[in-house]
Amino acid sequence: MSDLERELERLRPSNFPVDGRALNDNELWWSGHFEYLKDHGYMMRPRYRPGWKPSFKPGVLAALASEDGQNMLHPYVMDALRISDSYMVAMKKVNVSTAEENIASFFSSKEHNTDSRNHCIRVLEVLPVPGNDDEKILVMPWLRDVMDPRFRTIGEAIQFFKEMIEGLQYMHENNVAHRDCARNNMGMDANSMYTRQYHPIEPKKRYNWSGRALHHSRTRCPPRYYFIDFGRSEMYDPKEPRPLEYALKSGGYTPPEGDADIPCDPFATDVYILGTMIRASLLDGEQGGMYVPRPGVHGFEFLRPLVNDMIADDPSNRPTMNEVASRFSTIVGKLRWWKLRSRAVQKDEFLTTPFRALYHIFWTASMMLLLKPAIPSPKDLH
């Protein structure tokens with residue numbers, strides 16, 4: 001066994017087989033429901049089909065290099081293709097005693113589904129779990145990491161922030177606190193960007209493992225961004241005073257009121273978590289959250305005053321989401337077109353900067369000739 005294989009074995013969860021040639025307990029649950037899900041119109045990958053035999057030799061590296069060696073990312077979430085149109089979906093097993101199904105279905109209703117400010121993930125279908133009245137399966141669009149691929153321009157990142165700000169504002173207007181609105185609970189519907197479907201576990205590859213998954217830029221084919229995972233969310237009665245809540249660790253960061261163990265307005269905590277996401281994603285980079293440390297991106301200092309207010313230590317000093325949305329709109333409205341179209345340069349980028357800058361000039365000209373706006377908003381919001 002190589003050193004790399006030993007390290008991968010050490011990091012692999014205990015219930016995951018070392019070489020991927022056998023299904024773990026969670027995978028066995030999903031594969032056991034293959035026929036049921038197929039009958040409802042959803043096809044799982046070959047690894048989870050009856051009679052599956054691994055196509056690769058024993059060893060961690062062999063599994064990683066094979067399509068059917070790719071384990072599921074989350075024990076309660078399985079990927080599949082909708083048989084009718086090959087649309088990739090996420091199937092999430094949830095407990096009916098939690099608020100997740102109710103809140104996700106609430107924002108997926110016809111009343112809310114038509115509002116362009118609603119950026120809560122849509123529930124396409126709710127399936128009962130055979131023989132278990134305590135669980136259900138939520139079928140939703142499959143989303144990818146909002147930071148992959150990287151933002152090419154300032155304007156592309158502005159659109160992401162805009163959608164997340166108005167999405168959280170919309171939740172608050174409907175008396176719902178997300179309570180865990182960090183980057184790991186945001187996703188991007190990037191189907192418009194990819195010429196061929198990407199693989200759900202190894203997104204840089206095509207779904208059929210035949211090569212790299214090529215994509216257009218966000219400027220050319222704008223994606224849409226969503227909040228996901230409402231397992232910690234709370235819906236409040238608008239007729240009653242909003243109760244104070246103890247803050248939860250989110251995205252690897254704990255709000256000041258969480259460290260102090262003092263209950264506060266959950267909407268104010270949401271503002272802090274969203275502000276921390278903006279700071280860590282681009283302004284300063286990841287420095288201690290749940291993601292690998294990485295530097296920030298040049299060109300976003302115009303957001304610093306707003307972000308600093310959002311992450312104020314005292315929750316009562318933080319702006320509301322209505323105020324955040326208003327200030328953000330005013331800030332963006334003052335930006336010139338050349339600023340919005342300028343390249344989002346990583347702070348650790350040095351040697352390749354001149355070459356990428358030259359290419360960016362020609363690429364920007366091509367986007368302008370195609371009449372692509374500097375802030376790329378998706379045409380079809382739903």
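**Note on helix packing, cores and local geometry**

1. In this predicted model, helices H7 and H9 are roughly antiparallel to each other, because their axes cross at roughly 170 degrees and an angle over 145 degrees counts as roughly antiparallel. The two axes come within 11 Å. On the H7 side the contact is made by Ala-157, Phe-160, Phe-161, Met-164, Ile-165, Leu-168 and His-172. H9 supplies Phe-267, Asp-270, Leu-274, Met-277, Ile-278 and Leu-282. By class, the residues of this contact are 11 nonpolar, one polar and one charged.

2. H7 also packs on H11. Helix H7 covers residues 154-173 and helix H11 covers residues 321-333; their axes come within 9 Å and cross at roughly 155 degrees. That angle makes H7 roughly antiparallel to H11. The crossing of H7 and H11 is left-handed. From H7, the residues in contact are Ile-158, Phe-161, Lys-162, Ile-165, Leu-168, Gln-169, His-172 and Glu-173. They meet Met-321, Asn-322, Val-324, Ala-325, Phe-328 and Val-332 in H11. The residues of the contact of H7 with H11 comprise nine nonpolar, three polar and two charged.

3. Which residues touch the most other members of the largest nonpolar core? They are Phe-160, Phe-161, Leu-274, Phe-300 and Leu-303, in a core of 70 residues. H7 gives the most to this core, with 10 residues. Phe-161 of H7 takes part in the contact with H9 and in the contact with H11. Leu-303 touches Phe-161, Ile-278, Leu-283, Phe-328 and Ile-331, leaving out residues up to four places away in sequence. Of these partners, Ile-278 belongs to the H9 side of the H7 contact, and Phe-328 belongs to the H11 side of the other. As background, nonpolar side chains in soluble globular proteins tend to be buried together.

4. There is a second, separate core of 20 residues, which includes Tyr-36, Ala-63, Met-72 and Met-78. Met-78 is found in strand S2, residues 77-82. With a relative accessible area of 0%, Met-78 is buried. Setting aside neighbours within four places in sequence, Met-78 is in contact with Trp-30, Met-44, Tyr-48, Met-72, Val-89, Ala-90, Met-91 and Trp-142. The C-alpha atoms of Met-78 and Tyr-36 are separated by 14 Å, and these residues are 42 apart along the chain.

5. Met-88 is in strand S3, residues 87-95. Its relative accessible area is 2%, so Met-88 is buried. Met-88 and Trp-142 lie 54 residues apart along the chain, with 5.7 Å between their C-alpha atoms. Trp-142 is among the residues that Met-88 touches beyond four places in sequence; the others are Ala-80, Leu-81, Pro-141, Gln-197, Tyr-198, Pro-200 and Tyr-207. Trp-142 is also a contact of Met-78.

6. Is Glu-101 buried or exposed? At 13% relative accessibility, Glu-101 counts as buried, because the cut-off for that label is under 20%. Glu-101 is placed in helix H5, residues 100-107. Apart from neighbours within four places in sequence, Glu-101 is in contact with Val-94, Val-96, Val-126, Lys-136 and Leu-138.

7. Gly-59 sits in the loop between strand S1 (42-43) and helix H4 (60-64). Gly-59 is buried, at a relative accessible area of 16%. The C-alpha atoms of Gly-59 and Arg-21 are 8.6 Å apart in space, while the residues are 38 apart in sequence.

8. Most residues other than glycine have a negative phi, and most peptide bonds are trans. Asp-148 and Pro-149 are joined by a cis peptide bond, with omega about 0 degrees. Pro-149 lies in the loop between strand S5 (132-141) and H7.

9. Asn-175 is not a glycine, yet has a positive phi of about 65 degrees. Asn-175 is found in the loop between H7 and strand S6 (176-177), and at 21% relative accessibility counts as partly exposed. Asp-261 is likewise not a glycine and has a positive phi of about 55 degrees. The loop that holds Asp-261 runs between helix H8 (256-259) and helix H9 (266-283). At 55% relative accessibility, Asp-261 counts as exposed.

Definitions and conventions:
Residues numbered from 1 in each chain as written. Predicted model: local features only at pLDDT ≥ 70, side-chain atom pairs only at ≥ 80, totals over all residues. Heavy atoms only, no water. Axes fitted to C-alpha atoms, helices over the stretch in contact; angles between N-to-C directions. Helix = DSSP H or I, 4+ residues; strand = E, 2+ residues; numbered from the N terminus. Parallel < 35°, antiparallel > 145°, perpendicular 65-115°, else oblique. Left-handed = near helix turned anticlockwise from the far one by under 90°. Contact = heavy atoms within 4.5 Å. Nonpolar A, V, L, I, M, F, W, Y, C, P; charged D, E, K, R; others polar. Core = buried A, V, L, I, M, F, W, Y, C linked by side-chain atoms within 4.5 Å. Buried < 20%, exposed > 50% of the residue type's maximum accessible area, 1.4 Å probe, protein only.
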